[in-house]
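I hope they are handy while you have the structure open.

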Amino acid sequence: MNSTLPPVLPPRSSKPAKGYFSPRAVRTASFYITSLCIVASAVTCILAIWNFTRHDSLWRLIASFVVVAAGTGLFSAVNTAFGEERDN
């Protein structure tokens, strides 16, 4: 017996999300902050390649990107570890 209906997918997670702040909001903020850092790094790299900026600016920006990325990752982990369970 062939059915023309597609299979029904199970819900993403049956466990409630856990976090002091909304996990979805923290993921969204982390995504936008990291994306902004990547775009800024790419622009600075291009400017350094074409000698429109000094090469030490490039290394400072890369170091700053690593610190910001580590900070947002750590904040997400701490939010999940110390938060209370909640619905998405």
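1. Helix H1 covers residues 23-49, and its 27 residues should span 39 Å at 1.5 Å a residue; the end C-alpha atoms are 39 Å apart, which agrees. The expected span here is 1.5 Å times one less than the number of residues in the helix. Helices (H or I, at least four residues) and strands (E, at least two) are DSSP runs, numbered from the N terminus. After H1 comes Asn51, which has a positive phi, near 60 degrees.

2. A word on the source: this is a predicted model, in which local features need pLDDT of at least 70 and side-chain atom pairs count only at pLDDT 80 or more, while totals for chains, interfaces and linings use all residues. Residues are numbered from 1 along each chain as its sequence is written, and side-chain values use heavy atoms, with hydrogens and water left out.

3. On the overall layout, the protein has 2 helices and 2 strands, running β-α-α-β from the N terminus. Of its 88 residues, 15% count as buried; that term means under 20% relative accessible area, with exposed over 50% and partly exposed in between (1.4 Å probe, protein chains only). In H1 the buried residues are Pro23, Val26, Ser30, Cys37, Ser41, Thr44 and Ala48.

4. Which residues make the nonpolar surface patch of about 800 Å²? Val39, Val43, Ile46, Leu47, Ile49, Trp50 and Phe52 do, and of these Ile46 has its place in helix H1. Patches are made of residues with over 30% relative accessible area and no salt bridge; like charges are joined within 9 Å, and nonpolar side chains (Val, Leu, Ile, Met, Phe, Trp, Tyr) within 5 Å. The areas come from the Shrake-Rupley method with a 1.4 Å probe, and for residues only the protein chains shown count as cover.

5. Now the aromatic rings. Rings of Phe, Tyr and Trp (its six-membered ring) pair if their centres lie within 6.5 Å; planes under 30 degrees apart count as stacked, over 60 as edge-to-face and the rest as tilted. The count comes to 3 aromatic pairs. Phe21 and Phe75 have ring centres 6.0 Å apart and planes at 35 degrees, so this pair is tilted. Phe21 lies in the loop between strand S1 (17-19) and H1, and Phe75 in helix H2 (residues 55-82), so the pair ties together parts that are 54 residues apart in sequence.

6. Phe31 and Tyr32 form an edge-to-face pair, 5.3 Å centre to centre with 70 degrees between the planes, and both residues are exposed. Tyr20, Phe21 and Phe75 form one aromatic cluster.

7. What does the side chain of Asn79 reach? This residue of helix H2 has a polar contact (a pair of N or O atoms within 3.5 Å; within protein, one must be able to donate a hydrogen and the other to accept it, and residues adjacent in sequence count only if both atoms are side-chain atoms): its side chain reaches the backbone nitrogen of Phe21 at 2.7 Å. Asn79 is buried, with a relative accessible area of 4%.

8. Finally, the structure holds 1 salt bridge, defined as a side-chain nitrogen of Lys or Arg within 4 Å of a carboxyl oxygen of Asp or Glu. Asp56 and Arg60 make it, at 3.7 Å, N to O. Both lie in helix H2, 4 residues apart, about one turn of the helix. Asp56 is partly exposed at 30%, whereas Arg60 is exposed at 56%.
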